[in-house]
Amino acid sequence: MKIYKVKPLFSLFASSLALLISINSQASDLETSDYALDLEKIVVTASRIEQLYKHSTQNISIITSRDLESACLDEITEVLDLLPSVDILEYGSSGSTRSVHTRGASSTQVLTLIDGRPVNTPRDGATDFNQIPLSNIERIEVLRGPASSIYGANAIGGVINIITKSGKEKMQTELFNKFGSFSTKHTYLTHGYKIKDFDYLLSYDYLASHGHRDNSDYLSNNVNTKFGYQLNKDNRITASCGYYNSEVGAPGLVSNPDLDDRQETFKKYIDLTYTGKLLEDQNILLKLFHNFDRLEFIETFNPLDKTTNQTKVYGLDAQISQTFFNIFRTAVGTAFQENRLNSSSSGKHTYNLKGAYFESETDFLKQGSLKFGARWDDYSNFGDRISPSISSEFWLFDTFKLHALAAKSFRAPSFNDLYWPREDWGIWGGVEGNQNLGPEKAVSYEAGLSGYLFNKFKTDVTLFKTDFEDLIEWSVDNNDWWRPQNLNSATIKGVEFESELVLKKYLKANFNYTYLEAK
């Protein structure tokens, strides 16, 4: 039996060419033309705590709410698709599943966060971006490249961190309606306000359509709430909760339609976060969260043939960081998650993970920094993993920045990989999950050069390479039984190029290109 097979492949697997002209009628002159201000923006994804964008040792793209308004786009994937090394897979028309891939990594190898809360479902390890509305997004930080040293599993290809809006001192209410063909309707309502130390934001999204063919209709409701209380200037508590439900048709192939299949989804979440400090130059983060996801697939109604898959995630994150002498920063954190599956076809299963990590960063010569860190994760179903990383950034003449990184990362097998329901096909074999699966592993390297010229032009060129091992692949044995196995390996390397030019006060042009070679 041949259990290992390599197929060489040379292709422009994810080459992309995008030219975007964005007009912003409300932005100030400085916000659109002075990249010195861009370098002073605060980002939180690369280190899980706030730091200046110019000191990030990895390439991060920042999409603000103002960018979203000026682009006049309806879906979050339309925004992400404009970035280098980002590809979108669409499984149908509006309302259907949308998944995101970065640098050739699969959607299950890209970690998605909302306000730092992981939202990849443990059922299949992916994120359906169709279920994330644009209406309450303050900004999106897209980190391309590995980040398992601070986030653990599922961050091989990168991290997409969506930061939601909070209530402002000026009351804001926005109502949006849009109508299209096939009786398509999109409505959202947002309302937010800040009263002294208390703020809130409420949002509601409604999307419905008859669909472009029989049994392709869909209807969804999405409600999100966020409440914050400023204890004092350094300490804040935030509570978020919401739910999403949808009902869509699953018509199947055009050549062989199925008019009975329906899919229903219900999600809800709770997120409680404390950020603050007890001492000067110290930051504390505590987060408790719960994700609930139920997916129902109906084959027929009479008699009712329905499969239900329900997952629950309970999580805890704690982190403390301290800066010493304004040149050395260190952070330590711990994490715990329990993942539960209750499936009508796969049964009930549970696994948990414990994690601990540290990260240290030091400035040198006032022109750059060196960062190193590692994370230990212990899974109850396959054991532990250590994910180290080292990265650096160095400025030349305050105009050009060199950045480099080397890191290990991994992806944990999903419930579908482990417990896919057993189907015995008799003499023709069968199919089932594999409870003995281990994690997918990767080693990544990248190096790049960023330039900021005349406060009007910025550009970045990054070379990257990732070596994958133990990739999970469904394979057949001598008895014709199909099971997932840690069989495959791959090497993905490429270069991504991005540039942006301010043409006028309210006019910018963006160009990006990605070349990818996969074997």
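## Surface and overall form

The accessible surface of the chain comes to about 25100 Å², and 57% of that area belongs to carbon and sulfur atoms; accessible areas come from the Shrake-Rupley method with a 1.4 Å probe, and for residues only the protein chains shown count as cover. This is a predicted model, in which local features need pLDDT of at least 70 and side-chain atom pairs count only at pLDDT 80 or more, while totals for chains, interfaces and linings use all residues. Residues are numbered from 1 along each chain as its sequence is written, and side-chain values use heavy atoms, with hydrogens and water left out.

The chain has six helices and 29 strands, where helices (H or I, at least four residues) and strands (E, at least two) are DSSP runs numbered from the N terminus. Its radius of gyration is 23 Å, close to the 24 Å that the globule rule gives for 519 residues, so the chain is as compact as a globular protein of that length; the radius is taken over C-alpha atoms, and the rule is 2.2 Å times the number of residues to the power 0.38. Along its principal axes the C-alpha trace spans about 70 × 50 × 45 Å.

Of the 519 residues, 52% count as buried, a class that means under 20% relative accessible area, with exposed over 50% and partly exposed in between (1.4 Å probe, protein chains only). Among contacts (heavy atoms within 4.5 Å) between residues at least 6 apart in sequence, 59% join residues at least 24 apart.

## Nonpolar cores

A nonpolar core is here a set of buried Ala, Val, Leu, Ile, Met, Phe, Trp, Tyr and Cys residues joined through side-chain atoms within 4.5 Å. The largest one has 20 residues, of which I76, L80, I140, I160 and I162 touch the most other members. At least two residues of this core are supplied by each of α4 (76–80), β5 (86–90), β7 (110–114), β9 (137–144) and β10 (158–164). A second, separate core of 15 residues includes I60, L113, L143 and Y357.

Residues up to four places away in sequence aside, I140 touches S61, I62, I63, I76, L80, I160, N161 and I162.

## A nonpolar surface patch

On the surface, F198, L202, F227, Y229, L231, I237, L272, L288, L316 and F336 form a nonpolar patch with about 820 Å² of accessible area together. Patches are made of residues with over 30% relative accessible area and no salt bridge, like charges being joined within 9 Å and nonpolar side chains (Val, Leu, Ile, Met, Phe, Trp, Tyr) within 5 Å; a salt bridge is a side-chain nitrogen of Lys or Arg within 4 Å of a carboxyl oxygen of Asp or Glu. Two or more patch residues come from β13 (198–209) and from β14 (218–232), with β14 giving the largest share, three residues.

F198, in strand β13, counts as partly exposed at 34% relative accessibility. L272 lies in strand β16 (residues 262–276) and is also partly exposed, with a relative accessible area of 42%. Beyond its neighbours within four places in sequence, L272 is in contact with I237, T238, A239, L286, K287 and L288.

L353, found in strand β20 (residues 347–364), is buried, with a relative accessible area of 6%. Not counting residues up to four places away in sequence, L353 touches A335, F336, Q337, N339, R375, D377, D378 and Y379. The C-alpha atoms of L353 and L316 are 11 Å apart in space, and the two residues are 37 apart in sequence.

S475 lies in strand β27 (residues 457–476) and counts as buried at 18% relative accessibility.
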